[in-house]
Each structure stands twice: as C-alpha cells, then as structure tokens.
Amino acid sequence: MVREHQHLPEATALRLRCEAPDHAVLPGNPVHLDRLLRNLLANACRYARTEVTVTVGRAGSDLVLTVQDDGPGIPPADRARVFDRFTRLDEARARSTGGAGLGLPIARDLATSHGGTLTAEEPPGPGALLMARFPSRT
C-alpha cells in the first residue's frame, strides 16, 4: 500500500510517502508507538527538502520501520550521537527551529521499551535514514 499526503511547513510542500503491507502488526503500547513514530516523522519533516518516506516491512521475522528524508543527512561520525539527549548537530541552530534534541532519544527509549532498536543507517541516497527494528514476539 502506498499513500501520499501533502504537508505544508512554512509554505513549502513536503511529500510524505508511506509504504506498508497490510499484515504488519506490532503489539505494544499504542500511545508509546504513536509517539515513537511522531518523533521520527517530526525529525524527518524538519530536515527534509521535498520528501519523507515511511516504510514498514519484514527482515526475516523482525518488523522493520524506516523513516527516510531527502535532507542534509547525518554524518557517519554523528549517527550514534544523535540519540544522546540535547544533541543538535548544528550548534548555531536556534532551539525554536532546531528542536531541543530530545525527539530521537525519546524515540530510541520507546523502541527499546518494546524490545526493539533504533539506529541511524547509511541511506541509499541523500538524506537521513532512521531504522527501528522489532523482533517477532511469536
């Protein structure tokens, strides 16, 4: 299933693409899982130039959620550091536009509380790729 939505941050159209099989179900606390996804989306939308893609799929028996944007990306040396509380890669960015540096650490904590992981990976193209992986509970 592919759904496309238009999001208008500051008069700029941002394309949101979602790809997920109908059978992908992750048991857990719906409020926490909603917050995990919202934090990942907020981060991606903040940095995307034109598009954010959310994909849900399987890798073996694991459920994998990826959120990718086409923005400036995360340098390899900073991919672990973005999950540290209050980390903002561009120190000159104002807190009002760059966030407080809590969204990704909270998202990682929520993934971990559901038995999963959250990592920043090498994207196939420009931008950032965040991957949440949850082991099968069956």
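This report walks through the nonpolar core, the strand pairing, the salt bridges and the cysteines of a predicted model.

**The core**

Let's start on the inside. The largest nonpolar core holds 24 residues, and those with the most contacts inside it are Leu36, Leu40, Val52, Phe83, Leu118 and Leu130. Helix 3 gives the largest share, with 5 residues. As background, nonpolar side chains tend to be buried together in soluble globular proteins.

Setting aside neighbours within four places in sequence, Leu36 is in contact with Leu65, Ala107, Leu110, Ala111 and Phe134.

**Strand 6 and its partners**

Phe134 brings us to strand 6. This strand is mostly covered, with 5 of its 6 residues buried. Which strands pair with strand 6? Strand 4 does, in the antiparallel sense over 6 bridges, and strand 5 does too, running antiparallel with 5 bridges. For a couple of landmarks, Leu63 stands opposite Phe134 in strand 6, while Glu121 has Leu129 of strand 6 as its bridge partner.

**Salt bridges**

Now for the charged side chains.

| Asp78 | Arg81 | 3.2 Å |

Take Asp78 and Arg81, whose side chains meet in a salt bridge. Asp78 is buried, with a relative accessible area of 18%, whereas Arg81 is partly exposed at 31%.

What about Glu122 and Arg79? Is Arg79 buried or exposed? Arg79 counts as buried, at 15% relative accessibility, but Glu122 is exposed, with a relative accessible area of 53%.

Arg85 lies in the loop between strand 4 and helix 2, and Asp109 lies in helix 3, so the link ties together parts that are 24 residues apart in sequence. Both ends of this pair are partly exposed: Arg85 has a relative accessibility of 44%, and Asp109 has a relative accessible area of 41%. In general, side chains of opposite charge can pair when their charged atoms come close.

**Cysteines**

How many disulfides does a search of the whole structure find? The answer is 0. Look at Cys18: the closest cysteine sulfur, in Cys45, is 9.9 Å from its own, which is too far for a bond. The cut-off here is 2.5 Å between the sulfur atoms, so Cys45 is in no disulfide either, with the sulfur of Cys18 as the nearest one. As for accessibility, Cys18 counts as partly exposed at 25%, and Cys45 is also partly exposed, with a relative accessible area of 24%.

Conventions:
Residues numbered from 1 in each chain as written. Predicted model: local features only at pLDDT ≥ 70, side-chain atom pairs only at ≥ 80, totals over all residues. Heavy atoms only, no water. Core = buried A, V, L, I, M, F, W, Y, C linked by side-chain atoms within 4.5 Å. Buried < 20%, exposed > 50% of the residue type's maximum accessible area, 1.4 Å probe, protein only. Helix = DSSP H or I, 4+ residues; strand = E, 2+ residues; numbered from the N terminus. Contact = heavy atoms within 4.5 Å. Pairing = 2+ DSSP bridges. Salt bridge = Lys/Arg side-chain N within 4 Å of Asp/Glu carboxyl O.
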